[in-house]
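Please read the following walk through the model alongside the sequence and the coordinates.

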Amino acid sequence: MVSRPRDYSRERGRRGVAYYARYAPECAACGKKCYPSRKMARAVARVLFPGRRMRAYECGGEFHVTSQDADAAELGRRQRAVAS
Ligand SMILES: [Zn+2]
């Protein structure tokens, strides 16, 4: 039951998939987890939701992932369109 904290020291300051899978900050705008890039968002999604089709979408310069509701991806696109 007791899970020891993972050793992230090998990352050497470069935050990896394991880091963002656990400690991704929450978006101030919508509360979803933030990832620094679309690539990272997808990588984390593969870890957290294996076998599920996940979408990555941009929100305020960060990226979120979503699974169930494709509407969230549409929301991200609209927010991006409004912001630009
Ligand atoms: Zn957001």
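In which helix does Arg22 lie? Arg22 belongs to helix H1, where helices (H or I, at least four residues) and strands (E, at least two) are DSSP runs numbered from the N terminus. The model is predicted: local features need pLDDT of at least 70, side-chain atom pairs count only at pLDDT 80 or more, and totals for chains, interfaces and linings use all residues. Residues are numbered from 1 along each chain as its sequence is written.

A residue is buried if 20 or more other C-beta atoms, placed from the backbone, lie within 10 Å of its own, exposed if 12 or fewer, and partly exposed in between. Arg22 counts as partly exposed because it has 13 C-beta neighbours inside 10 Å. Its C-alpha atom is separated by 9.8 Å from that of Lys33, 11 residues apart along the chain.

Within H2, the buried residues are Met40, Ala41, Val44 and Ala45. They lie on the same side of H2 because they cover an arc of only 140 degrees around the axis, taken from the directions from the helix axis to the C-beta atoms. Their cover includes helix H1 (17-23), E1 and E2.

Leaving aside neighbours within four places in sequence, Tyr35 is in contact (C-beta atoms, placed from the backbone, within 7 Å) with Tyr20, Ala24, Met40, Ala41, Val44, Glu62 and Phe63.

Key
Contact = placed C-beta atoms within 7 Å.
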